Amino acid sequence: EGADSIVVEVRRGANVEESVVTLKSVYTEDMVYFLVTWDDPTFSWMRFPWEMQDDGTWIQLKDPENMGGDENIWYEDKFAFIWEINEIEYFADDGCFAACHLADDEEDYEDYESGKPYGNKFADEDGLGDIWHWKSVRNVGQAHDQYLDGVVWSEETGSAGRHADPKDEGGYSNNVNEDKTAPAFMVADAPKDGSPGHILAEEAVEFDASLFEAGDRVPGIVVSPFVGDAADISAGWLWADGVWTLELARALVTDSENDVQFDDMSAEYLFGVAPFDNAQVRHMFHRGVLSFVFGE
């Protein structure tokens with residue numbers, strides 16, 4: 001309760017023009033904890049739900065303007081940290097802007113050869129960052145532990161510099177049958193409005209279309225807790241009265257080379273944050289870099 005707070009103004013998200021993020025932190029002998037709150041007027045939990053049509057077929061709901069990887073209607077709320085591990089060029093001045101969202105031609109992100117709006121996220125060749133990516137629908141008691149490196153998108157790599165830390169099992173997968181025509185799973189006796197936005201793997205049963213009628217919805221994702229390197233960050237969260245409250249906990253030091261290591265209590269740790277309001281990529285942002293130091 002007595003921890004100092006950092007207040008960060010963020011802006012220009014897909015669905016919210018501006019918001020305020022408040023961060024607090026405490027630590028123990030071996031753990032560090034963060035309390036994050038930010039304004040978000042809507043609780044977004046319908047991430048690509050399936051919906052039964054009048055003719056009995058099923059479609060997965062999607063913004064018609066989403067040409068791939070750019071959903072801003074049928075999605076979830078998210079929040080991300082990026083921590084610098086190895087020095088990332090310009091990060092000390094620009095924070096997340098040093099890696100977000102780069103393209104071959106910086107004047108025309110929409111024409112970036114990967115076909116992704118706003119290009120891709122990647123660092124310089126030797127840069128390395130730790131990403132804590134909390135996802136309100138797809139995570140179960142955790143934030144997804146990821147990392148950022150200098151891989152540039154190409155047809156050979158098929159992706160750019162943002163990667164998931166390795167996992168032994170768990171995580172999330174699309175709820176779709178082999179023909180990609182309907183859900184593969186459902187939850188017995190669940191509401192037929194698609195809530196709560198996901199299906200817990202332990203509750204999933206084989207989908208039975210005969211139990212539904214036109215307009216009914218089924219979640220588009222099956223989830224379970226990560227096990228392994230990707231599970232380093234515990235999380236709890238609540239949305240109420242237009243405000244998200246997110247609690248994060250992680251060991252000060254982990255065994256992963258992809259994680260920032262809080263092993264020097266006199267050091268300064270540089271980071272940036274980004275809230276997503278029902279947006280796949282078009283998050284709110286702040287300019288500049290944030291600094292985390294340990295108090296006495």
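Guide: Let us start with a polar pair: the side chains of Thr 254 and Asp 259 make a polar contact at 2.8 Å. Please keep in mind throughout that this is a predicted model.

Visitor: Where is Thr 254 found?

Guide: Thr 254 belongs to the loop between strand 17 (243-251) and strand 18 (269-276).

Visitor: And is Thr 254 buried or exposed?

Guide: Thr 254 counts as buried, because its relative accessibility is 15% and the cut-off for buried is under 20%.

Visitor: What else does the side chain of Thr 254 reach?

Guide: The side chain of Thr 254 also reaches the backbone nitrogen of Ser 256, at 3.2 Å. If neighbours within four places in sequence are left aside, Thr 254 is in contact with Asp 232, Asp 259 and Gln 261.

Visitor: How far apart are the C-alpha atoms of Thr 254 and Asp 229?

Guide: Those C-alpha atoms are separated by 9.0 Å, with the two residues 25 apart along the chain.

Visitor: Then which backbone nitrogen does the side chain of Asp 63 reach?

Guide: The side chain of Asp 63 reaches the backbone nitrogen of Glu 65 at 2.9 Å. Asp 63 has its place in the loop between strand 5 (58-60) and strand 6 (78-86), and, not counting residues up to four places away in sequence, Asp 63 touches Glu 71, Asn 72, Ile 73 and Trp 74.

Visitor: On to the hydrophobic packing. Which members of the largest nonpolar core touch the most other members?

Guide: The largest nonpolar core has 31 residues, and those touching the most other members are Phe 79, Phe 81, Trp 83, Trp 132, Leu 248, Phe 262 and Phe 292. Strand 3 (residues 31-39) supplies the largest share of this core, namely 4 residues. Apart from this core lies another one, of 10 residues, including Trp 50, Ala 182, Met 186 and Phe 212.

Visitor: What does Leu 248 touch?

Guide: Not counting residues up to four places away in sequence, Leu 248 touches Val 32, Tyr 33 and Phe 34, as well as Phe 81, Trp 132, Ala 143, Ile 233, Ser 234 and Ala 235.

Visitor: You mentioned Trp 50; which residue stands opposite Trp 50?

Guide: Trp 50 stands opposite Val 218 in strand 14. Strand 4 and strand 14 run antiparallel and are joined by 2 bridges. The order 5-4-14 describes an open sheet of 3 strands with antiparallel pairing, in which strand 5 and strand 14 (217-218) are the edge strands, each pairing on one side only.

Visitor: How many bridges join strand 10 to strand 15?

Guide: There are 5 bridges between strand 10 (residues 169-174) and strand 15 (residues 221-227), and these strands run antiparallel. Strand 12 (residues 199-200), by contrast, pairs with strand 15 in the parallel sense, over 2 bridges. Val 223 in strand 15 takes part in both descriptions, as Tyr 172 stands opposite Val 223 and Leu 200 also stands opposite Val 223.

Visitor: What about phi at Phe 48?

Guide: Phe 48 has a positive phi of about 45° although it is not a glycine, and Phe 48 lies in the loop between strand 3 and strand 4 (50-52). At 16% relative accessibility, Phe 48 counts as buried.

Visitor: And Lys 180, buried or exposed?

Guide: Lys 180 counts as exposed, at 64% relative accessibility. Lys 180 lies in the loop between strand 10 and strand 11, and its phi is near 60°, again a positive value in a residue other than glycine.

Conventions
Residues numbered from 1 in each chain as written. Predicted model: local features only at pLDDT ≥ 70, side-chain atom pairs only at ≥ 80, totals over all residues. Heavy atoms only, no water. Core = buried A, V, L, I, M, F, W, Y, C linked by side-chain atoms within 4.5 Å. Buried < 20%, exposed > 50% of the residue type's maximum accessible area, 1.4 Å probe, protein only. Contact = heavy atoms within 4.5 Å. Pairing = 2+ DSSP bridges. Polar contact = N/O pair within 3.5 Å; in protein donor to acceptor, adjacent residues only side chain to side chain.
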